[in-house]
Protein chains: 2
Amino acid sequence: MEISKKSFKPAYYQVAEAISSKIKNGELKPGSMIPSEAQLCAQYKVSKMTVRRGLSILIEAGYLQSSQGKGTFVSRPNLEEMVVNFSLAGKLTSKLLSVEVIPAPESIARKLGIDRGSKVIYTKRLLFYENEPIIYDQKYLPYVKGKPILEADIEYAELPEMVEKHIDILPIRSELVIKARALNKEEARVLEEEEGKAVLLLEQTVYSQNNKPVGCGQAICHSDRYTLKAVSHPF
Amino acid sequence: MEISKKSFKPAYYQVAEAISSKIKNGELKPGSMIPSEAQLCAQYKVSKMTVRRGLSILIEAGYLQSSQGKGTFVSRPNLEEMVVNFSLAGKLTSKLLSVEVIPAPESIARKLGIDRGSKVIYTKRLLFYENEPIIYDQKYLPYVKGKPILEADIEYAELPEMVEKHIDILPIRSELVIKARALNKEEARVLEEEEGKAVLLLEQTVYSQNNKPVGCGQAICHSDRYTLKAVSHPF
DNA sequence: AAGTGGTCTAGACCACGAC
DNA sequence: TCGTGGTCTAGACCACTTC
């Protein structure tokens, strides 16, 4: 009825488009039930697997919700779950300020689940955009004896990459806590900004397979020059 | 070979688990190619569609990457894309401070793509956690004549919901800009906090089908009592 | 030509909900 | 019992990459 087999778009995608456009233009309203899979198969002349694959796209995007035995229903698109792309690098240039092996401060030891005073690698980086300092980035990871650290590897590396290289563990999960805070004296000096200025603070922790923290870091972001953006999961 | 048909977990899920555990324990290393779909079918004694469905889970989570004609390869899990659940409500209680129809201030008119001075609905809310004010929430949406606003609807409504009810447009996309800022006098009074204190500022804009902005808002978050959390897309 | 991933089918069977 | 979504199959065909 509606699906063109000659199109470059696959059939399942066309099904998703057809239904989502009916939602967007109001033909299908939130709360209402859409035609059953069997009906959609007949209507679009495609197989059940194809219909289901199309629907699954819209389900994931939050446009639809289905429950076994009842049917598939239109829901409001999920605009509360948003994706933030937390990549400090990209267009920024990077300058490595220092790399040290130090005894873990209390707060870091707690975060990493290690003994206070255990040795950790502590790196400081400054990230620039067009020669202006934007982000002051500090990372901590457990120090493993006999694993030398190459400064060249650190300058542009993100936390997960450093963990993989220097602890030889593949991080598989990451958490980010987003806060606001006032700049302290040292941070202000590094970021060329006034002390006490409000800045974004991004605290990242990465975890290994066993849910053990294997690295953490904080990024202090000059708030006039950098903002985080998040977007709802689109279709 | 590995898949139990009696398990409560569907076969495709077991395939995903089997492969992801091989990645996590290092048996399959980033960069390396995994067995072809045909081989996996033979190994696990399941059909191609089932294998592919399992793989697609890991592809979406960033563990795998496949390219037509070449193969499917292990990649580092994507830890840069993180999901932040931006729901102000939930366990918070809400108090509506005011609802007004006002001429749009310059900044809001620009955000909403309307003429400066056009009428907008302006709502102010205060959100509490255990009787402490946490978030000062302000919203703006175009005023539509003849669409009365029920205060009861606003007290707990989020922006997309308000837009849907009062402009009769279903918002399908949302953007969030996350900043840090110092509290001004009015905000400090409302949040019972000192003026100049650093706070998180969440600026949300919601869009209609045609990518037209149909509402915006800002949430000022008491930073000692509230932090945003984001997590990497897990499997 | 051979091997890879990508799409699609027609139908089977199951689990669940409403009647 | 019937209609719904959820899983799975065996095989077909296509598009792309490599040799």
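The legends below describe close-up views of a predicted model.

**Figure 1. Protein residues around DNA strand D.** DNA strand D is surrounded by 25 residues, and the closest are A:Lys48, A:Arg52, B:Ala11, B:Thr50 and B:Arg53. By class, the residues of this surface comprise six nonpolar, eleven polar and eight charged. Sugar or phosphate accounts for 67% of the atoms of DNA strand D within 4 Å of the protein, and bases for the rest.

Figure 2. The side chain of A:Lys48 places an N or O atom 2.7 Å from a base oxygen of DNA strand D. In chain B, an N or O atom in the side chain of B:Arg53 is 2.7 Å from a phosphate oxygen of DNA strand D. Elements giving two or more residues to the surface near the strand are α3 (48–61), β1 (64–67) and β2 (71–74) in chain A, and α1 (11–24) and α3 (48–60) in chain B.

**Figure 3. Salt bridge between B:Arg52 and B:Glu37.** The two side chains meet with an N to O distance of 2.7 Å. The pair links distant parts of the chain, with B:Arg52 in helix α3 of chain B and B:Glu37 in helix α2 (residues 37–44), 15 residues apart. B:Arg52 has a relative accessible area of 38% and is therefore partly exposed.

**Figure 4. Salt bridge between B:Lys165 and B:Asp153.** The closest N and O atoms of this salt bridge are 3.5 Å apart. Helix α6 (residues 159–166) of chain B holds B:Lys165 and helix α5 (residues 151–155) of chain B holds B:Asp153; the pair, twelve residues apart, links distant parts of the chain. Both partners are partly exposed: B:Lys165 has a relative accessible area of 44%, and B:Asp153 has a relative accessibility of 25%.

**Figure 5. Salt bridges in chain A.** The side chains of A:Arg173 and A:Glu175 form a salt bridge, at 3.3 Å from N to O. A:Arg173 is partly exposed, at 22% relative accessible area, and A:Glu175 is partly exposed at 26%. Elsewhere in this view, A:Arg125, A:Asp137, A:Lys139 and A:Glu158 are joined into one network by salt bridges that share partners. Over all chains, the structure holds 36 salt bridges. Side chains of opposite charge can pair when their charged atoms come close.

Conventions: Residues are numbered from 1 along each chain as its sequence is written. Chains are lettered from A and ligands numbered from 1 in the order in which they are written. This is a predicted model: local features need pLDDT of at least 70, side-chain atom pairs count only at pLDDT 80 or more; totals for chains, interfaces and linings use all residues. Side-chain values use heavy atoms; hydrogens and water are left out. A residue is near a molecule or strand if one of its heavy atoms lies within 4 Å of it. A polar contact is a pair of N or O atoms within 3.5 Å; within protein, one must be able to donate a hydrogen and the other to accept it, and residues adjacent in sequence count only if both atoms are side-chain atoms. Helices (H or I, at least four residues) and strands (E, at least two) are DSSP runs, numbered from the N terminus. Ala, Val, Leu, Ile, Met, Phe, Trp, Tyr, Cys and Pro count as nonpolar, Asp, Glu, Lys and Arg as charged, and the others, Gly among them, as polar. A salt bridge is a side-chain nitrogen of Lys or Arg within 4 Å of a carboxyl oxygen of Asp or Glu. Buried means under 20% relative accessible area, exposed over 50%, partly exposed in between (1.4 Å probe, protein chains only).
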